Structure formats: C-alpha cells, structure tokens
Amino acid sequence: MNSIADVRNKNLIKSVFVSILLPALLAGASANLAGIIDGIIVGNIIGSEAVAAVNACRPAMQVYGFTAEIFASGLATCIAISIGQNKKDDANRLYSTGIFSALAVAVILTVLQLVFAKNICRVFADDDALYPLALEYYRYFLLSTFFILLSDSLAAVMRSDGMVKLSGAVLLLPHIVNAILDFVLIKVFDLGLTGAAIATVLGYVSGFLLCCYYYIFKRSYRFKAGNYLKNLGDIVSVGIPPATNMGLITIKLLIVNSLALSYGGTMGMTVMSMLMIAWALESLFIGGIKQAMMPMISYYYGNGDYHGVRMVFFHACRILMGIELALMVFLEIFPQSIPLLFGLRGAENLASVATAMRIFAIYLPMEAFIMLTITYYTATKNRKTATLLSVLQGLAATVVVIYPLVHFFGLIGVWISFPISSIVPILTIVFMSHGNSEKYFKMKGQTYLKEFSIDYSRISDIVAAVIKAVSDAGFDSTIANRTGVAIEEMAVSAFERNKGKKLHVDVTVKKVDEKLLVTFSDNGVEFDPTANNGSSDVEQLDNISMLKLVSHKIEYGRVIGINKTDIVLK
C-alpha cells in the first residue's frame, strides 16, 4: 500500500478545474446562449414561426463559432504549452499574433456579411414564408460577428492569464443585457425580430467593453513582434480540428434543416428548432468543460507530464458524461419540457416534438464523448487524429447515413441520423485508443521517479521518500540530498506565503536524459522564485536563497492560476 508520501492526488487539478469551469461554461455558450434566450422570449411573445426563423440563422452562429474557435482554442493551447515549456517570450508573441489576426478576420467577415446579407439569408431559409422573418433577424444579428470573435479570443487569453472571473464576466454580461433588452425591445417597443437581433448585438458590445478594460489595465501578456507567420500557423493548425468540427456542423445543419423543411414543412423546421435548443443546452456544458480542460491539458503536456494530462482528461470526462446522461434521462422522461418552455402549443405539435426529442436525446452523450476526445487530441497537438474525428463527427458520417434513412423513414429518418452517425467516430476512438500514449513521453527521455502531493504536516516523510527514490535511480547522494532540500524549501516557502488559503501542491521528480527535473506546482498567490534575490548572508538564508544554492537552474511560469517552478539538478 502506498504511503501518503507516494500519492499524487487530484486536489490541485480539481481546484483549478472548478475555478475556471464557470467562465469556461460561459465561453462555450457564447453564441448558443444568445439563441436560447432569443428563442424563449421570441417563442413566447411572437410565436413558433419566429423561433423557426431564429433557428434558420443558426448556421451563421456556427460560422462565428467556427472562426472564434480557431483563435480561442489555438491561443489557449499554444500559450499554455509555451508556459509549460517556460517560454514566456513565445507566449507574448502568440498573444500578439492571435489578437491582431482575430481583429482583421472580424472586420473582413463583418463587411462580407453586410454586402451579401440577402444572399446568405436565402441559403439559410429558402422558403417564402420563412425568408423575410429570418432576414429581419439576421441583417442586424450579423453585426455581432466582430464582438464575438474578439471577445472569445480575449476571454481565452484571460483564462490563461489566471483572470477567470473577468473572463466569465465578459461572457456572462452579454446574455444578461440581451435578456433585458429582448423584453424591452420586443415587448415594450414592439420591434419584433429586429428588436431581438439588436438586443443580441448590444449584449455582445457590453462584453467587448470589458475586454477593452482587460486589454488596457489587466493583461500580463505584452505585444512582442517576430515570427508572425509561424505563430499564426501554430495557432490555426491547433485551432483547426475543433473549428473544423464546428464548420462541418454548419454544413450538416444546412443539410438537416433543408431535409426537415422538405419533408415536414414549417412544422418540420419548428421541431428541428426544438432539437437545436436541446443541442444548444448540451453545448453549454460541452463547450464549458472543453474550454476548462484544454489549457490544463496543454499546460501539463508542455511540461511533459503525461500523468497530469491523464488526470485532467478523466476528471473532465466524469463530470461531462454525468451531466449528459442526466440530460438524456430528463429529455426521455419529459420530452415536451423544451417546447412548452418556448411557447409551442397543440397536442399534434407536442407529440411530433416528443418523438424527435427522445431519439435526439440518445445522441447527446455520444456527441459529448466525441467532442471531449477531439479536445484531448487537440490539446496534445495530435492534429491528424483530432481532424479525422472532427470530419467524421461534423459531417462525413451524417452524409453517409442521412439520405438512406430519410428515403426509408421520411422525417423520422432525419432525427435517427444523429445517433446513428455518431457510432462511426466512437468506434474510431475505441480503435485508436489501443496505443499507449505514455510511450510518447518516454521517447523524449523522461522517466518518472516520484510524484506526490504535499501535506504540510508530512514534509519530512516526503523528503525522505524522495531522497531514497533519487538514490535508487542511480544518482549520487549529493544530488539526492539536494533534491530533498529543494523540495523542502519550496514547500515551506509556499505554505508560509499562503497562510489562510487552501493550498494544493503537486510535485513530480523525473529523470530527463541524465539530469534530474523537479516540477513544483501550486494554486497559491503568484510568486516567481527567480525574481527573489533573497539574502546573501549565509547565516540568514531564507528558503528561496537556499533553493538557489542547491539548484543548477530554476525556471518559473504561471498559467490558469498555477505557479509552476522547474528545478534542474545535476
């Protein structure tokens, strides 16, 4: 049985994960939540046809999400990996490249939509009754593109910068403002779908203003020129797999909407809008947990800590699958809850939605698992696998099954296509997971000697266990004793510095080539030991001065609220 000195618990990971989960939930909801709020208010005040018009514009929301995902995921991943590798200058260059590029793309995309608004809306809603309603909403809603792209990108940077509450405010405020203005503009001023769209845009403007506050007063990342094309390539290549999934889902929604309209008319689109609301609700949790998980996995990956990567993934998986299974059960038992909430009435209409909702509910946990796996491969820079799964999940599998199903089952075949098409990517994941990912880290010459979480009351026991493990690995007694001293001094310093705070500390001791690498991670107040000069008087050496005496090299970085100190001994 392992003693406390041999155990690395998940307390640090859980603490950091929880601290960024709510802001990350809001990040994942940034586009979809607007549709949910508009749908509830529009459905109850204007009617079900207006809800169908809002849903018809959902592919545009997916385009915004696709573009924002490239920069948000790419920036969050690349910056976290750079900090994990102790490359702060690279993190600054990535920040500079990503924000400038997001700004340029936001301007271009907004201008293109303004010029081609009618043509684009005709693609979304090629129906004489639906088109004018969709255009009324879309011609103003498209202005939110600029603010969504920049807000999502900066929110991702804020989370990496440890400012999770501010990033949450950036993504929560727009929906509070949207809900209030929806009621005022639709109910009080009777502006209809135009009012709903304007409320959404003004909501995103309010979030963007908070981004300006961060940019001017709070950011720790600074603009640093150099390697623009290389950095943009890194950001885009990392962001493309999850963004590809969103982009292909846009095409899938166009196909599914077209078939629902062809086989079910306006009622088919209304049913589809109810399913998309359930999908948007699910996406809140997928997006949130994905955004919380990605920078954490990237940080541990950048530090070469495979066990940390695995802990984060399984922790995120347990949370998300629990939520998705509960949602599935709820929709199976109460399939009419969403249509009733959104103002849909009539026994025939409710019966049609109930059948479709029960089929669609099966799809939700399947998609959640696939999306979580895509995020894992993206965060660890396994781009080929992430892209393959994105293509299968986003469109390819659906195209293969939906037309035969519609041919034999009609409108029901549209709903069945969702769970059936998810079988292929799930089988692909099972097949590809047979490889041992840990071999990748061992190929780099990294071997774990010890990993543990520090309990302040057991520091002496931990130090003794570390000294023995280092000696058993073939290092001489001098290196082993120095390792013990380094860990003890860092631990004492951290606990004394964070009195009154629930401090979680993880330590890994690894052999990297012929050197010994100690990584000390904690969730305490920001503290850079390399910037602390300490005392030069041997008789008055403080903890950090002693640490520097016994170490060959010390490097520090901070990301997502974690202090990471790498100590090299040789």
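Q: In which helix of the chain is confidence lowest, and in which is it highest?
A: Confidence is lowest in helix 18 (residues 438–443), at a mean of 48, and highest in helix 5 (residues 88–115), at 93. These values are pLDDT, the predictor's confidence in each residue, from 0 to 100. Helices (H or I, at least four residues) and strands (E, at least two) are DSSP runs, numbered from the N terminus.
This is a predicted model, in which local features need pLDDT of at least 70 and side-chain atom pairs count only at pLDDT 80 or more, while totals for chains, interfaces and linings use all residues. Residues are numbered from 1 along each chain as its sequence is written, and side-chain values use heavy atoms, with hydrogens and water left out.

Q: What makes a set of residues a nonpolar core?
A: Its members are buried Ala, Val, Leu, Ile, Met, Phe, Trp, Tyr and Cys residues joined through side-chain atoms within 4.5 Å; buried means under 20% relative accessible area, with exposed over 50% and partly exposed in between (1.4 Å probe, protein chains only). The largest such core has 130 residues, and Tyr138 is among those with the most contacts inside it. Helix 11 (residues 228–302) gives the largest share, 28 residues.

Q: What does Tyr138 touch?
A: Its partners include Cys57, Tyr64 and Phe124, not counting residues up to four places away in sequence. A contact means heavy atoms within 4.5 Å.

Q: Why are strand 4 and strand 5 called paired?
A: Pairing requires that DSSP finds at least two bridges between two strands. Strand 4 and strand 5 (residues 562–569) have seven, in the antiparallel sense, so they count as paired.
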